[in-house]
Amino acid sequence: MKTQTSVPTTKVARATQFVKAGVKVGGNYIKHYSKKLLDPELPREELHKDNAADIYEALSELKGSALKMAQMLSMDRGLLPVAYSDKFTMAQYSAPPLSGPLVIKTFRTYFGKSPSQLFDSFNINAINAASIGQVHEAWKEGKKLAVKIQYPGVADSVSSDLKIAKPLAVRLLNLDERQIDYFMQEVESKLLEETDYELELRRSIEISNACSHIDGLVFPKYYPDLSSRRILTMDWLDGLHLREFLATNPSQEVRDRIGQLLWDFYDHQIHALRQVHADPHPGNFLMRADGTMGVIDFGCVKVIPDYFYDNYFQLLRPDKLLDPPVAEQVFLNLGFLVPQDTPTERKFYSDLFVQMIEMLGKPFAVDWFDFGDDEYFNKVYAFAEDLSKMEELRNSKVVRANRDGLYINRTYYGLYAMLNELKARVKITKPEWLHSEQLVGQA
């Protein structure tokens, strides 16, 4: 894999990368439509592949929030054409790494020492490279360690990157500019948190300890004296990322075991801790043949406000969801409905949200759920596609969403997607108050 000797850090240099990507995308469209003159039935797959490659090349050189957005988009199968999702998936753990001299410079900046002075041995070549930082292998006092090093300039460029990237996302991906603006503050705050490795260190220790009772989950030990604002050191965990793991053809029993660990891990965080590891992509989990699983990277943690939790999860109770006045009030509390809605609009959107919640809440309606049920996921993706084409939503003058729901929805989406790839059958643990009521889907 080629390495980078520098990362653009000034606003001008980073903006230039976005402009170059835009020019290449424009050229790809010209090439596509020129060919289409000769072949009116020409599909868009080649166009998507060319655009995805050019955009990923630009973002991978920028690192940081630009590449992180590609990583987030790769998790949403319904939002992007397959060519984009496949290419952007590389941002989860296969971005081009920094060169050795830049790594040494980072250590000298934060420790006043080179890696060789801090560790008994240090592999100057990165083992994994993702959006915010890259991971190196090191040894100290007989222990194998993972050392995560943040790319230069990432923290300082988050806000400007998001502003520069927005027009490209709106034009290329046909995203709603109002929704992007509405969620921008939440995205920006989370990306800034991800660049604070001191915060990540505290959260990693806190959540690891709080989830240590879940048998089969493995968390690394963290080393504050070998960590800083931009460098984080922890024990090395062995294991395989999801697709590598599946390539070993694990048994159904092992896939179910790992699927159960994923479910229990998120269930405990959301309902007991009220804060959650909100970056559930395969690069953050290390799966093993014995059915155990390592969990890493607590950079993106969403603290769930009480008001949001109380309203959001009420909707899994049919006595609330199917009681129109109660459901309407919850929808208003969450911003799904707005006070200025006409009676017709309230009826239309309420019915739509009830249908959506019943579909996405289906796993909560049973004691066991088969996430290998592709028919269920095909219905979910088809429903999402229908929503994207619905004129009422596209022409709505208000954003019907809640900022606090952005990362919670992303968490459940990522969890469901991983469980689907595992084809796991999972016992659905849930809060006690959900056991006492007849659940959605059983009414």
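Reader: Let me start with Glu141: is it buried or exposed?
Author: Glu141 counts as exposed, since its relative accessibility is 71% and the cut-off for exposed is over 50%. Please keep in mind throughout that this is a predicted model.

Reader: Where does Glu141 lie?
Author: Glu141 lies in the loop that runs between strand S3 (133-140) and strand S4 (143-150).

Reader: And what about phi of Glu141?
Author: The phi angle of Glu141 is near 50 degrees, which is a positive value in a residue other than glycine.

Reader: OK, Arg274 then. Where is the place of Arg274?
Author: Arg274 sits in the loop between helix H11 (252-273) and strand S7 (275-277). Its relative accessible area is 24%, so Arg274 is partly exposed, given that this class covers values between 20% and 50%.

Reader: Which side chain meets that of Arg274 in a salt bridge?
Author: That of Asp306, with 3.2 Å from N to O. The pair links distant parts of the chain, for Arg274 is in the loop between H11 and S7 while Asp306 belongs to helix H12 (residues 306-312), and the two are 32 residues apart.

Reader: How many salt bridges does the structure hold?
Author: The structure holds 17 salt bridges. As background, side chains of opposite charge can pair when their charged atoms come close. One of the salt bridges joins Lys302 to Asp404, where the closest N and O atoms are 2.6 Å apart.

Reader: Are Lys302 and Asp404 buried or exposed?
Author: Both Lys302 and Asp404 are buried.

Reader: Which residues are linked with Lys148 in a network of salt bridges?
Author: Glu200 and Asp297 are linked with Lys148 in such a network. The charged end of Lys148 also sits over the ring of Tyr197, at 5.0 Å from the ring centre.

Reader: Where else does a charged residue lie over a ring face, say that of Tyr349?
Author: Arg400 lies over the face of Tyr349, at 3.7 Å from the ring centre.

Reader: Switching to aromatics, how many aromatic pairs does the count come to?
Author: The count comes to 27 aromatic pairs. Among them is Phe107 with Phe122, an edge-to-face pair with 5.5 Å centre to centre and 80 degrees between the planes. Phe107 is in helix H5 (residues 100-111) and Phe122 in strand S1 (residues 121-122), so to speak of sequence, they are 15 residues apart and the pair links distant parts of the chain. Phe107 and Phe122 are both buried.

Reader: And why is the pair of Phe331 and Phe336 tilted?
Author: The planes of the Phe331 and Phe336 rings stand at 40 degrees, with the centres 5.9 Å apart, so the pair is tilted. The reasoning rests on the cut-offs, as under 30 degrees would count as stacked and over 60 as edge-to-face. Phe331 and Phe336 are both buried.

Reader: New topic: what is the order of the open sheet of 3 strands?
Author: The order is S5-S9-S8, and the pairing is mixed. Strand S5 (217-218) and strand S8 (285-287) stand at the edges with a single partner strand each, so one side of each has no neighbour in the sheet.

Reader: In which sense do S8 and S9 pair?
Author: S8 pairs with strand S9 (residues 293-295) in the antiparallel sense, over 3 bridges. As an example, the bridge partner of Phe285 is Val295 in S9.

Reader: What packs on the sheet?
Author: H11 packs on the sheet, where it touches S5, S8 and S9, and its direction makes about 150 degrees with that of S8.

Reader: Last one: which residues does Ser228 touch?
Author: Leaving out residues up to four places away in sequence, Ser228 touches Tyr110, Phe111, Tyr197 and Glu198. Ser228 lies in the loop between S5 and strand S6 (231-235), and with a relative accessible area of 10% Ser228 is buried.

Notes
Residues numbered from 1 in each chain as written. Predicted model: local features only at pLDDT ≥ 70, side-chain atom pairs only at ≥ 80, totals over all residues. Heavy atoms only, no water. Helix = DSSP H or I, 4+ residues; strand = E, 2+ residues; numbered from the N terminus. Buried < 20%, exposed > 50% of the residue type's maximum accessible area, 1.4 Å probe, protein only. Salt bridge = Lys/Arg side-chain N within 4 Å of Asp/Glu carboxyl O. Phe/Tyr/Trp six-rings, centres within 6.5 Å; stacked < 30°, edge-to-face > 60°. Lys NZ or Arg CZ within 6 Å of the ring centre and 35° of its normal. Pairing = 2+ DSSP bridges. Contact = heavy atoms within 4.5 Å. Axes fitted to C-alpha atoms, helices over the stretch in contact; angles between N-to-C directions.
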